[in-house]
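This briefing is meant for someone meeting the structure for the first time. Please look over the sequence and the model before reading on.

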Amino acid sequence: MAEKTVGTPLVKSGLAEMLKGGVIMDVVTADQAKIAEDAGAVAVMALERVPADIRSQGGVARMSDPDLIDQIIAAVSIPVMAKARIGHFVEAQVLQSLGVDYIDESEVLSPADYVNHIDKWPFTVPFVCGATNLGEALRRITEGAAMIRSKGEAGTGDVSEATKHIRTIKGEIAALSAKSDDELYVAAKELQAPYELVRQVARDKKLPVVLFVAGGVATPADAAMMMQLGADGVFVGSGIFKSGNPEARAKAIVQATTAYTDPAVIAQVSRGLGEAMVGINVSDVPAPHRLAERGW
Amino acid sequence: MAGKPPVIGVLALQGDVREHEQVLDALDVAHRQVRLAGDLDGLDGLIIPGGESSVIDKLSRIFDSRDAVVSAIRGGMPVLGTCAGLILLADTLVGAIDGQQTFGGLPVTVERNAFGGQVESFETVIDMPTIGGEPVAAAFIRAPIIRDAGGADVLATLPNGDVVGVRFGNCVGISFHPEVIGETRVHRWWLDAVVTPAQR
């Protein structure tokens with residue numbers, strides 16, 4: 001009889017396909033995870049501190065306590081993601097053993113290896129990785145990432161970097177697909193990515209995996225703008241639980257992500273949400289403290 | 001109306017809408033997205049995609065498409081649900097979140113995430129005698145299982161006997177995703193066996 005094969009590339013990228021059109025929310029407790037689920041999150045990202053707190057408190061940011069991840073997995077029925085440090089393959093092994101549904105190899109945590117990212121192919125659990133441009137996205141996919149999120153600048157509430165990164169990736173894909181076949185060899189060299197993958201993107205006019213946006217989304221209008229710019233879905237980190245009314249804001253961002261082309265709906269859901277997270281302008285963040293520059 | 005090419009709606013609130021559209025494109029079948037109640041007018045069938053069932057349920061109520069979908073199903077519109085779509089067609093759920101509702105239409109009991117988390121997700125091939133031919137390619141992604149098929153016809157079972165596909169009248173629900181694997185025969189069969197007869 002037919003065999004079951006777990007951890008195939010198709011099953012890994014397939015879960016991300018199921019998340020399309022949805023919002024993935026950062027949570028630091030089981031109670032927050034329940035609030036996110038009740039608000040309509042398609043998945044939650046379990047972590048110890050949201051990026052805004054990592055930014056303000058400083059220090060080395062690492063994988064969460066396994067107890068916390070267990071509690072969050074027990075609290076919700078939607079997929080649970082968790083972050084491992086860039087290159088920290090043992091944190092990833094631990095997260096897989098805990099039964100998380102996706103691992104985010106994330107620049108929000110302190111990198112564990114400034115040369116190599118995790119070799120993601122041997123894992124059964126899928127990985128999502130950040131990217132600021134097409135070449136970076138394709139390098140992560142080459143290493144086995146089954147989902148890409150543009151990085152933005154986490155923990156700021158300033159959407160400008162998220163805008164820049166999704167526009168860059170989309171623009172580079174459009175430029176690539178306008179090239180003739182004989183130009184793709186040099187394009188692969190310039191993108192520092194394998195030729196076969198470059199040719200596939202040029203032909204399909206899209207990445208071979210789902211592309212979400214992250215890093216600075218704080219309002220329903222921010223989320224809808226990312227969707228109009230071509231994102232498949234949205235990560236919201238500090239923007240929800242650092243705001244005045246997390247329940248209402250979470251619901252509003254979910255609705256705006258679905259009805260992203262309808263300004264009347266976005267206006268309606270934006271009413272009476274209380275204070276958005278205070279935020280910090282990316283231009284005020286000194287360059288060494290910009291998280292998007294981690295990873296390569 | 002016999003002979004008129006069908007137009008199929010894909011419920012497009014959240015989930016793998018694009019993959020179902022690609023299968024319909026491959027079969028050269030016209031389709032459009034359904035978000036609001038009025039979007040159902042003039043359709044010959046509806047596909048409820050994979051995604052997060054709790055989210056699709058909520059959004060269908062928020063955007064007022066729920067009542068129209070429920071009455072279309074009760075009125076006999078042919079429906080195909082994959083994974084979350086099967087969950088949304090089940091009359092009874094195991095493992096629902098607080099307040100989660102379904103559209104109903106299949107008199108079956110379905111358990112959400114019945115295989116466990118993502119590390120248990122798998123690819124396989126599965127015999128579907130009703131469709132005939134070679135076993136179909138199937139991706140099970142945090143998939144549900146039909147724990148009690150009730151009076152529905154069983155379309156697919158796993159080797160251990162778990163029921164993963166059923167039909168009851170106009171409603172077809174399967175636990176797995178032929179659409180993410182490029183398998184078109186389940187959709188082809190649904191169009192021929194459920195949608196076309198309903199057009200006459």
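Predicted model: local features only at pLDDT ≥ 70, side-chain atom pairs only at ≥ 80, totals over all residues.

**The surroundings of A:Lys20**

- A:Lys20 counts as buried because its relative accessibility is 6%, under the 20% that sets the limit for that class.
- The side chain of A:Lys20 is joined to the side chain of A:Glu17 by a polar contact of 2.6 Å.
- Leaving aside residues up to four places away in sequence, A:Lys20 touches A:Val210, A:Phe212 and A:Asp232 in chain A, and in chain B it touches B:Gln14, B:Gly15, B:Asp16, B:Arg18 and B:Glu19.

**The interface between chain A and chain B**

- The interface brings 39 residues of chain B into contact with 41 residues of chain A.
- The size of an interface is often expressed as the accessible area that is lost when the parts come together.
- Here chain B and chain A bury about 3200 Å² between them, and 61% of this area is on carbon and sulfur atoms.
- On the side of chain B, the residues that lose the most area to chain A are B:Gln118, B:Val119 and B:Glu123, which together account for 19% of what that side buries.
- Between chain B and chain A there are 16 residue pairs in polar contact, counting pairs with both residues at pLDDT 80 or more.
- Across the same interface of chain B and chain A, 3 salt bridges are found, and B:Arg142 forms a salt bridge with A:Asp101 in which the closest N and O atoms are 2.9 Å apart.
- The elements that give two or more residues to the side of chain B touching chain A are α1 (17-26), α2 (53-62) and β7 (122-126) of chain B, and α2(B) gives the most, with 5 residues.
- By residue class, the side of chain B that touches chain A divides into 16 nonpolar, 11 polar and 12 charged residues.

**A sheet with strands from both chains**

- Strands of a sheet pair through backbone hydrogen bonds, and the pairing can be either parallel or antiparallel.
- In this model, 3 strands form an open sheet with antiparallel pairing, in the order β1(A)-β7(B)-β8(B).
- The edge strands are β1 of chain A and β8 (136-140) of chain B, each of which pairs on one side only.
- Strand β1 of chain A, residues 5-6, pairs with β7(B) in the antiparallel sense over 2 bridges, and A:Thr5 has B:Glu123 in β7(B) as its bridge partner.
- β7(B) and β8(B) also run antiparallel and are joined by 5 bridges, with B:Ala138 in β8(B) as the bridge partner of B:Thr124.

**Two aspartates of chain B with positive phi**

- B:Asp28, found in the loop between α1 and β2 (30-34) of chain B, has a phi near 60°, which is a positive value in a residue other than glycine.
- B:Asp28 counts as exposed because its relative accessibility is 74%, over the 50% that sets the limit for that class.
- B:Asp64 lies in the loop between α2 and α3 (66-74) of chain B, and its phi is positive, at about 60°, although this residue is not a glycine.
- B:Asp64 is exposed, with a relative accessible area of 58%.

Technical notes
Residues numbered from 1 in each chain as written. Chains lettered and ligands numbered in written order. Heavy atoms only, no water. Buried < 20%, exposed > 50% of the residue type's maximum accessible area, 1.4 Å probe, protein only. Polar contact = N/O pair within 3.5 Å; in protein donor to acceptor, adjacent residues only side chain to side chain. Contact = heavy atoms within 4.5 Å. Buried area = accessible area lost by both parts, 1.4 Å probe. Salt bridge = Lys/Arg side-chain N within 4 Å of Asp/Glu carboxyl O. Helix = DSSP H or I, 4+ residues; strand = E, 2+ residues; numbered from the N terminus. Nonpolar A, V, L, I, M, F, W, Y, C, P; charged D, E, K, R; others polar. Pairing = 2+ DSSP bridges.
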